[in-house]
Amino acid sequence: MLSTTNQSIKEISYACGFTDTSLFSICFKKYLGFTPQQFRKIDGIQQLSFQMIEYGQNQGKTAGPVEL
């Protein structure tokens, strides 16, 4: 949901059954190693990188290395 919707983290935490957003963030970080906010930022960077690679391939160019 963090990468496929624009719902707030609070809305997502409630949809996942958490009544406390802080607890959701703590559990998320415990199991994934970063906060929901960090996940969204990382996912956004990865999506942009994939779009850049696809654009380069569609233009007949080879994509160079992309740093994350």
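F24 and F28 both belong to helix α2, where they stand 4 residues apart, about one turn of the helix; helices here are DSSP runs of H or I with at least four residues, strands are runs of E with at least two, and both are numbered from the N terminus. An α-helix has 3.6 residues a turn, so residues three or four places apart point the same way. F24 counts as buried because its relative accessibility is 6%, and F28 is buried as well, with a relative accessible area of 13%; the term buried stands for under 20% relative accessible area, exposed for over 50%, and partly exposed for values in between, with a 1.4 Å probe and protein chains only. The model is a predicted one, in which local features need pLDDT of at least 70 and side-chain atom pairs count only at pLDDT 80 or more, whereas totals for chains, interfaces and linings use all residues. Residues are numbered from 1 along each chain as its sequence is written, and side-chain values use heavy atoms, with hydrogens and water left out.

The chain as a whole comes to 3 helices and 0 strands, and from the N terminus on its elements run α-α-α. Of the 68 residues of the chain, 18% count as buried. Among the contacts in the chain with a separation of 6 or more, 33% are accounted for by residues 24 or more positions apart, where contact means heavy atoms within 4.5 Å.

Helix α2 covers residues 21-32, and its 12 residues should span 16 Å at 1.5 Å a residue, which agrees with the 16 Å between its end C-alpha atoms; the expected span is 1.5 Å times one less than the number of residues in the helix. The buried residues of α2 are F24, S25 and F28. These residues cover an arc of only 95° around the axis, which puts them on the same side of α2, the arc being that of the directions from the helix axis to the C-beta atoms. On the other side of α2, I26 and K30 are exposed. At the start of the helix, a side-chain oxygen of D20 comes to within 3.0 Å of the backbone nitrogen of S22, while the residue that follows α2 is G33, whose phi is positive, near 95°.

When residues up to four places away in sequence are not counted, L2 touches I9, I12, F28, P36, F39 and R40.

The structure holds 4 aromatic pairs, defined as rings of Phe, Tyr and Trp (its six-membered ring) with centres within 6.5 Å, where planes under 30 degrees apart count as stacked, over 60 as edge-to-face and the rest as tilted. The pair of F24 and F28 is tilted, at 5.8 Å centre to centre and 50° between the planes. F24 and F28, as noted, both lie in helix α2. F34 and F39, by comparison, form a stacked pair, with 6.2 Å centre to centre and 20° between the planes. Ring pairs link F18, F24, F28, F34 and F39 into a cluster.

S13 is found in helix α1 and counts as buried, at 0% relative accessibility. The side chains of S13 and T21 are joined by a polar contact of 3.4 Å, a term for a pair of N or O atoms within 3.5 Å, of which, within protein, one must be able to donate a hydrogen and the other to accept it, with residues adjacent in sequence counting only if both atoms are side-chain atoms. Residues up to four places away in sequence aside, S13 touches F18, T21 and F24.

T35 has its place in the loop between α2 and α3 (36-58), and T35 is buried, with a relative accessible area of 19%. Leaving aside neighbours within four places in sequence, T35 is in contact with F28 and K29.
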